[in-house]
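Thanks for coming. I have one structure to go through today, and I will take it from the overall layout down to single residues. Please have a look at it first.

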Amino acid sequence: MPNKSTSSKPLPSAASATQENAAVAAPESPAKPVKIYPIVKFGDPILEKPGAPVKKFDADLEQLIDDMFASMYAAQGVGLAAPQIGLSLRLTVIDVTGGKNPEAKIVLANPEIIHAEGEVREEEGCLSVPGFRGYVVRPQFVTVKAQNAKGESFEIRGENLLARAFCHEIDHLNGILFLTHLSMLKRDLIKRKIKKLRKLGEW
Ligand SMILES: [Zn+2]
């Protein structure tokens, strides 16, 4: 597992309610055990169906959010949506600094884009489509309305990469992958390559 520069410190407490899955310390909260989820790959139908609204804002949700951040950092992503760990839920975590700045951590529950402006064409990838990238036009500025981990509503504005991450992750919550936004030619090429990889048992 690729470990970021921060070394994982031993877990101090005997908080051993952790499951058989590897529980490791998140870079930003070394004391708390978290679960690293495997990332669901393209081809799994859960990625193409809309998630259900988050309704319960409790300790379980906070744990899930911690686990999602840890899973995202472990996979070296800048955003992760719940369907990507097999949960059909309108929940996503984003950190375009890749864990470098704890204040850059963003949790969006039940997010909606309420304003978008401008256009930027940039290369994009997805943890669920590893090894493939493509150019996608996204708005340059995006304002999102969402709820935080406690269920409080807020609005957040993003520019460039952050605006792109908002769009990409909210797409996930609607069952849409970035492949949808590629040219048909590029999309078919990627899908054919994935099909081959799957036949080889490499997907
Ligand atoms: Zn993605």
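What follows is a short walk through the fold, the metal site and a few individual residues.

First, the ground rules. This is a predicted model, so local features need pLDDT of at least 70 and side-chain atom pairs count only at pLDDT 80 or more, while totals for chains, interfaces and linings use all residues. Residues are numbered from 1 along each chain as its sequence is written, and side-chain values use heavy atoms, with hydrogens and water left out.

Now the layout. The protein has 3 helices and 9 strands; helices (H or I, at least four residues) and strands (E, at least two) are DSSP runs, numbered from the N terminus. Starting at the N terminus, the order is β-β-α-β-β-β-β-β-β-β-α-α. Of the 203 residues, 41% count as buried. Buried means under 20% relative accessible area, exposed means over 50%, and partly exposed is in between, with a 1.4 Å probe and protein chains only. The accessible surface of the protein comes to about 11,000 Å², and carbon and sulfur atoms hold 53% of it; these areas come from the Shrake-Rupley method with a 1.4 Å probe, and for residues only the protein chains shown count as cover. On contacts, meaning heavy atoms within 4.5 Å: among those between residues at least 6 apart in sequence, 61% join residues at least 24 apart.

Next, the metal. Which protein atoms are the donors of the zinc ion? They are Cys126 (SG), His168 (NE2) and His172 (NE2), lying 2.0 to 2.2 Å from the zinc ion. A donor here is an N, O or S atom within 2.8 Å of the metal (3.2 Å for Na, K and Ca); water is not among the atoms, so sites may look incomplete. Along the chain the donors of the zinc ion follow the spacing C-x41-H-x3-H. Both histidines are in helix H2 (residues 161-173), and because they are 4 residues apart there, about one helical turn separates His168 from His172.

A disulfide is a covalent bond between the sulfur atoms of two cysteines. Counting pairs of cysteine sulfur atoms within 2.5 Å as disulfides, the total is 0.

Then helix H1, which covers residues 59-74 and contains Ser71. Ser71 has a relative accessible area of 1% and is therefore buried. Leaving out residues up to four places away in sequence, Ser71 touches Lys35, Ile36, Tyr37 and Leu80.

Two backbone points. Gln76 is not a glycine, yet it has a positive phi of about 60 degrees; Gln76 is in the loop between H1 and strand E3 (79-81). Asn160 is likewise not a glycine and has a positive phi of about 50 degrees. Asn160 is in the loop between strand E9 (153-159) and H2, and at 35% relative accessibility it is partly exposed.

Last, Gly43. This glycine is in the loop between strand E2 (29-35) and H1, and it is partly exposed at 44%. How far is Gly43 from Trp203, 160 residues away along the chain? Their C-alpha atoms are separated by 9.2 Å.

That is the end of my part.
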